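Please find below a colleague's note on the side-chain packing of this model.

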Amino acid sequence: MMTKTTTRLTIAVETYLADLQRVRASGGATGERSSYGPLTNLLNAIGATLKPKVFCVGELADQGAGHPDFGLYAAKQVQKGQPKQGQVPEVGVVEVKAADDDAWLTAAGDQVSRYWERYRLVLVTNTRDFVLVGEDAAGRPAKLETFRLAASAAEFAQRLESPRAFASEVGAGLGEYLCRALAHRARLAEPKDLAWLLASHARDALARVEAAGDAPSLEAVRAALEEALGVRFEGERGARFFRSTLVQTLFYGVFSAWVLWARQTPLPARAFNWREAVWHLRAPVMQALFQQLSQPGRLQPLGLVEVLDWTSAALDRVDCDAFFARFNEGEAVTYFYEPFLEAFDPELRKQLGVWYTPAEVVRYMVARVDKALRDDLGIADGLAAENVYVLDPCCGTGAYLAEVLRRIAANLENQGLGALTGARVKQAATERVFGFEIMPAPFVVAHLQVGLTMQALDAALTDDGQERAQVFLTNALTGWEPRPTKPLPFPELEEERDRAERVKQETPILVILGNPPYNGFAGMAVDEERELSEAYRMTKRVRRPEGQGLNDLYVRFFRMAERRIAKTGQGVVCFISNYSWLDGLSFTGMRERYLETFDAIRIDCLNGDKYKTGKVAPDGSPDPSIFSTEGDPVGIQVGTAIATLVRKADHAPTEDVGFRHLWGQAKRGELVETEEVEPRKLYENIEPVLSLGLPFAQTAVSKDWFDWPTLTDVFPTSFPGVKTSRDGFLVDTDLDRLKARIGDYFDESLSHDEIARRYPGVMKSTAQFNARAVRDVLLQRGGPIDAGFIRFSYRPFDIRWLYWEADSGLLDRPRPDYRPHVFEGNMWLEAREREAKEDFSRGTLVRHLADNFGNGLSSFFPAYLPRRRLRNRHQRNTTPPQFVRCRATLSLPSRRRCRRPLPPRPRHPPRSRLSRSQRRGTPHGMAAHPATGLARWRS
């Protein structure tokens with residue numbers, strides 16, 4: 001029953017609204033009957049997205065209750081050969097009224113009552129309101145879900161004048177409502193279908209919460225979470241994240257409680273009631289959160305009671321046997337959590353870096369940790385040993401915790417403990433296997449997944465609240481050292497924080513593993529968290545870190561894990577993460593520190609990088625991300641790697657790194673096949689090269705590579721490329737077209753809304769760009785500036801036009817220091833601090849102001865610099881040297897061929913010795929660097 005795309009639903013609604021507008025504008029419409037065509041098209045378009053499909057039949061024959069306007073038939077009712085006469089429409093019937101009628105009164109009238117007696121499901125509409133009449137738990141008629149497009153016929157007619165804008169606002173909502181209405185009788189067996197349905201209700205709930213604004217009833221919950229988790233939900237982005245968190249927590253709480261309710265034996269006689277869901281949630285903090293969020297005083301003002309009632313009704317339609325045959329302990333997240341978040345808020349999922357770790361990866365990492373404990377640390381029982389405390393600091397939905405428990409059970413079974421195995425596994429789950437999670441929604445699912453795993457291992461946790469999984473709602477990056485804390489308004493939340501901090505401060509964690517988030521949520525970190533990566537900014541022998549890579553969130557988790565294992569004195573860290581840290585110039589201090597801290601470093605490079613290799617293996621075959629799935633074949637864009645870091649009690653720093661590449665579409669299987677292979681047979685030992693920044697990856701460098709000067713030795717001045725962040729508006733291949741757009745932007749008679757409608761890209765605000773405020777300032781100043789229309793090297797060999805201003809805010813990074821050096825006759829060499837691809841791909845020559853060529857930051861090195869700009873100019877390297885070594889890559893003009901005579905070669909770098917006639921342009925290498933440097937480079 002899952003729809004293919006929200007876009008398809010919105011298009012169907014836009015067509016419906018446009019058709020109604022044409023009917024109305026004709027002046028010849030006859031009320032409700034004139035709307036039959038648009039409604040038929042809408043219902044058929046929506047029905048075509050469902051599984052099974054639904055189609056609409058108009059002017060339904062009298063089957064004993066009158067003539068409903070439409071009958072809704074399931075695809076299976078369409079048969080070849082002689083049709084079944086008088087076949088009842090399985091999906092229900094539709095009654096249509098004119099736009100100025102009251103759909104709610106119609107739904108309560110005798111005509112609909114007769115239809116309901118015959119068909120038991122009636123969709124009533126006046127083209128602007130939709131009311132679904134079905135039956136309640138007792139079998140009585142009841143108004144189920146409703147949807148409103150406009151409060152009156154007059155308002156509806158006004159909104160129809162702009163059907164596209166109207167559809168962009170209501171299209172997805174109406175489309176999903178009709179999907180739910182047309183699929184109302186379908187039994188739910190697929191977890192993904194249920195995930196979509198609940199996510200659809202959750203989006204409705206989120207819209208209501210956002211419409212309510214900053215509801216006072218939720219302030220106490222917000223303040224408590226901020227204090228407990230050490231974050232601040234600041235600005236609109238933070239507020240939206242908080243509201244989304246609340247809605248997800250409610251829906252996951254209801255869903256988790258329903259799962260535990262539905263798996264009772266025997267199944268309770270009473271229907272599931274979301275109001276009693278709290279009694280099925282084991283962790284006290286979950287009960288407290290759910291109670292706080294589901295109090296009538298909080299839900300009524302937000303309009304969520306009826307949405308949760310609809311959710312309960314959806315859960316009542318689940319075919320439990322078929323559902324739980326798919327939704328077992330190993331597939332809970334695959335079949336529900338990620339599909340729910342993808343359907344609920346795909347942008348939030350992308351922002352948070354929420355990716356379900358494939359089961360093969362989880363299994364491999366747990367197996368390698370178990371082997372490292374046995375072989376490297378001499379702990380014979382591995383993860384099953386009672387002194388091995390395990391932590392997943394970003395446990396998400398609990399995949400690693402569940403696999404660790406399964407591995408413990410397998411190790412114990414090999415010991416022949418028999419019936420005692422379950423007790424030992426339960427002891428591990430309740431005493432020494434820990435999970436931390438900062439987001440309440442996956443935290444709820446983690447408890448569910450661990451609980452289901454324990455049931456499967458015949459070690460079920462009790463329902464009396466005395467036993468709980470050691471999964472805590474906490475910020476894993478704070479609280480590791482004693483600190484003063486404030487009382488929290490909810491005792492359960494305060495107890496959760498205190499118990500988590502006891503684990504952090506008192507438990508000798510021996511294993512830390514998991515999948516750290518690549519991005520942060522919309523909360524401001526406290527100082528303790530921000531300072532975590534500072535240790536990696538300091539170096540002893542290796543070059544200092546460069547760039548912004550250490551700001552990535554996963555780095556903080558690495559630092560937390562390294563510090564905790566060093567404090568324990570021995571242990572294992574195993575993370576899968578973005579692989580930029582293996583050789584990026586931002587991470588030199590991080591790598592130097594690990595060589596000192598750990599006795600063994602093993603890297604499984606999983607590749608799958610869009611930018612470096614184009615997701616292509618060396619043999620030319622596809623190389624997808626390890627996170628690619630059937631539902632999301634792209635996965636994530638950046639490459640990934642598994643790092644296993646081992647510290648022994650008798651510690652000695654290591655000088656080499658075990659490294660291996662995994663390529664292609666079979667690498668998941670290759671991980672599983674090699675999970676027990678000895679490290680010496682699995683990895684190639686590489687010795688990190690100090691002068692390259694101690695990379696933990698294979699490099700191909702000739703022995704004389706370091707004899708050549710760097711590009712910045714020859715050209716010490718360079719400029720980063722222009723970044724507009726609004727290419728679609730500010731850049732064009734056609735100058736007249738660009739001028740027309742810019743002219744509209746500076747036209748005071750056009751409102752912000754009209755500009756947003758014509759050119760949405762330039763009016764989209766971000767954290768760093770207030771679109772309306774920038775335009776207000778520019779309109780007050782006046783413009784556009786004629787000299788701002790300039791030629792622009794957009795990509796290699798792709799010259800376009802750009803509208804450029806130095807300081808208006810319209811361009812994200814205009815690079816005002818760069819443009820004065822762009823003049824006729826000058827020439828620029830584009831290079832990167834670090835190659836983005838395996839093959840050398842830089843070195844483009846340009847003559848115009850230039851963009852960053854593709855992903856990343858380009859640096860542009862000029863052949864000439866205006867002397868007047870150099871007189872008091874501090875020479876600086878805007879980007880540190882990328883290790884580019886080349887002989888005669890760029891042929892500068894010789895002294896005889898220069899446009900202006902050059903002065904004699906000075907003994908020291910020249911400053912201002914040129915005559916007035918010579919100041920127009922000076923070769924870069926001569927003006928900014930000793931002649932010997934240039935001569936040596938050109939030799």
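The numbered points below take these topics in turn.

1. The model is predicted, with local features requiring pLDDT of at least 70, side-chain atom pairs counted only at pLDDT 80 or more, and totals for chains, interfaces and linings using all residues. Residues are numbered from 1 along each chain as its sequence is written, and side-chain values use heavy atoms, without hydrogens and water.

2. A nonpolar core is a set of buried Ala, Val, Leu, Ile, Met, Phe, Trp, Tyr and Cys residues joined through side-chain atoms within 4.5 Å; buried means under 20% relative accessible area (1.4 Å probe, protein chains only). The largest such core holds 171 residues, and F130, L149, L194, F255, W258, F340 and L373 touch the most other members. Helix α9 (residues 235-262) contributes the most, with 15 residues; helices are DSSP runs (H or I, at least four residues) and strands likewise (E, at least two), numbered from the N terminus. Apart from this core lies another of 46 residues, including V542 and F587.

3. The structure holds 33 aromatic pairs, defined by ring centres of Phe, Tyr and Trp (its six-membered ring) within 6.5 Å, with planes under 30 degrees apart stacked and over 60 edge-to-face. W258 and F324 are stacked, at 5.6 Å centre to centre and 20 degrees between the planes. W258 belongs to helix α9 and F324 to helix α13 (residues 320-326), so the pair ties together parts 66 residues apart in sequence.

4. F558 and F575 pair edge-to-face, at 5.1 Å and 90 degrees. Both belong to one aromatic cluster, which also includes Y536 and W581.

5. The charged end of R726 sits over the ring of F769, 3.6 Å from its centre; the criterion is NZ of Lys or CZ of Arg within 6 Å of the ring centre and within 35 degrees of the ring normal.

Note on methods: Buried means under 20% relative accessible area, exposed over 50%, partly exposed in between (1.4 Å probe, protein chains only).
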